[in-house]
Amino acid sequence: MAGYRPIPLPHRADLSDDEALHEARAFRDHMRQRHTVRHFSLRPVPEAVITACIEAAGTAPSGANQQPWHFAAISDPQMKARIRDAAETEERRFYEGGGGDEWLAALEPIGTGANKPHLTDAPWLIVIFAQRWGVNPDGSRRKHYYVPESVGIATGVLITALHRAGLVSLTHTPNPMKFLNGLCARPENEKPVMILAVGHAAEHATVPAVAKEKKRLDEIASFFRGDA
């Protein structure tokens, strides 16, 4: 096991307060233009773009720096079709009553249904796997820490990187998803937690009006300033 070895901070921002405020507000406004989209153009997306976005996700912080994630990027039409078929089978059960009245009522303003054409229309599907434990060179297990939190942060960075690249994405969480391990040739210590459909928005793309109703600042943040 490697010991602690500090190195000088490799990168340092040196912005004035005014510059920092400008950058923060510019980023905020850019992220306000991010939309979850279900209607994808058939326009292809170069693999190099997806690669760079995944590399950005790989810079995310993680518990004990164990980076407990794997991203399987799929453009193969046959693999996407298999994923769609499996997802729609489960979704039909859900929308036929398996999800329960309360959950279905909560989804009604979003306009979702059992049909998932985005899973084949989108040029890329990125399956995000969480590594529940690591594997040492001798084959023994190595405990991972804060796996859901770490993978969640990396997924957020990935979605942000895709938006920065001018792409749209849709988070999709079919259940069960265990078939994705075999489809993507991933080991048993990895658990699929999400599929991101990724591409360019179709010309006719829409978003549900309710999706743009975001909570106010005073509903999502508290500030404890102390004495002035």
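The following is a set of questions and answers on a predicted model of a protein.

Reader: What makes up the protein, and in which order do the elements run from the N terminus?
Author: The protein has 8 helices and 6 strands. Starting at the N terminus, the order is α-α-β-α-α-α-β-β-β-α-β-α-β-α.

Reader: How much of the protein counts as buried?
Author: Of its 228 residues, 32% are buried. The accessible surface is about 15,000 Å², and carbon and sulfur atoms hold 53% of that surface. The C-alpha atoms fill a box of roughly 55 × 50 × 40 Å along the principal axes.

Reader: Why is helix 1 called roughly perpendicular to helix 6?
Author: The axes of helix 1 (residues 17–31) and helix 6 (residues 147–164) cross at roughly 85° and come within 11 Å. Angles from 65 to 115 degrees count as roughly perpendicular, so helix 1 is roughly perpendicular to helix 6.

Reader: Which residues make that contact, and how do they divide into nonpolar, polar and charged?
Author: Helix 1 contributes F27, H30 and M31, and helix 6 contributes T160, H163 and R164. The residues of this contact divide into 2 nonpolar, 3 polar and 1 charged.

Reader: What puts the buried residues of helix 2 on the same side?
Author: The buried residues of helix 2 (residues 47–57) are I50, C53, I54 and A57. They cover an arc of only 100° around the axis, and therefore lie on the same side of helix 2. An α-helix has 3.6 residues a turn, so residues three or four places apart point the same way.

Reader: Which residues does the opposite face of helix 2 carry, and what does the buried side pack against?
Author: The face turned away from the buried side carries the exposed residues A48 and E55. The buried residues of helix 2 pack against strand 1 (69–74), strand 2 (124–131), helix 6 and strand 6 (190–199).

Reader: Why is A154 called buried?
Author: A154 is in helix 6. Its relative accessible area is 1%. Buried means under 20%, so A154 is buried. Leaving aside neighbours within four places in sequence, A154 is in contact with A57, A60, W69 and F71.

Reader: How do you know that H118 is buried?
Author: H118 is found in helix 5 (residues 118–121). Its relative accessible area is 4%, and the cut-off for buried is under 20%. H118 is therefore buried. Not counting residues up to four places away in sequence, H118 touches R38, F40, L125, L170, H172 and A197.

Reader: Why does Q67 count as partly exposed?
Author: Q67 has 34% relative accessibility. Buried is under 20% and exposed is over 50%, with partly exposed in between; Q67 therefore counts as partly exposed. Q67 is in the loop between helix 2 and strand 1. Q67 has a positive phi of about 50° although it is not a glycine.

Reader: What makes Y146 exposed?
Author: Y146 has a relative accessible area of 59%. Exposed means over 50%, so Y146 is exposed. Y146 is in the loop between strand 4 (141–143) and helix 6. Y146 is not a glycine, yet it has a positive phi of about 55°.

Reader: How many of the contacts with a separation of 6 or more come from residues 24 or more positions apart?
Author: Residues 24 or more positions apart account for 79% of those contacts in the protein.

How values were computed. Residues are numbered from 1 along each chain as its sequence is written. This is a predicted model: local features need pLDDT of at least 70, side-chain atom pairs count only at pLDDT 80 or more; totals for chains, interfaces and linings use all residues. Side-chain values use heavy atoms; hydrogens and water are left out. Axes are lines fitted to C-alpha atoms, for helices over the stretch in contact, and angles run from 0 to 180 degrees between N-to-C directions. Helices (H or I, at least four residues) and strands (E, at least two) are DSSP runs, numbered from the N terminus. Angles under 35 degrees count as roughly parallel, over 145 as roughly antiparallel, 65 to 115 as roughly perpendicular and the rest as oblique. Contact means heavy atoms within 4.5 Å. Ala, Val, Leu, Ile, Met, Phe, Trp, Tyr, Cys and Pro count as nonpolar, Asp, Glu, Lys and Arg as charged, and the others, Gly among them, as polar. Buried means under 20% relative accessible area, exposed over 50%, partly exposed in between (1.4 Å probe, protein chains only). Accessible areas come from the Shrake-Rupley method with a 1.4 Å probe; for residues, only the protein chains shown count as cover. The arc is that of the directions from the helix axis to the C-beta atoms.
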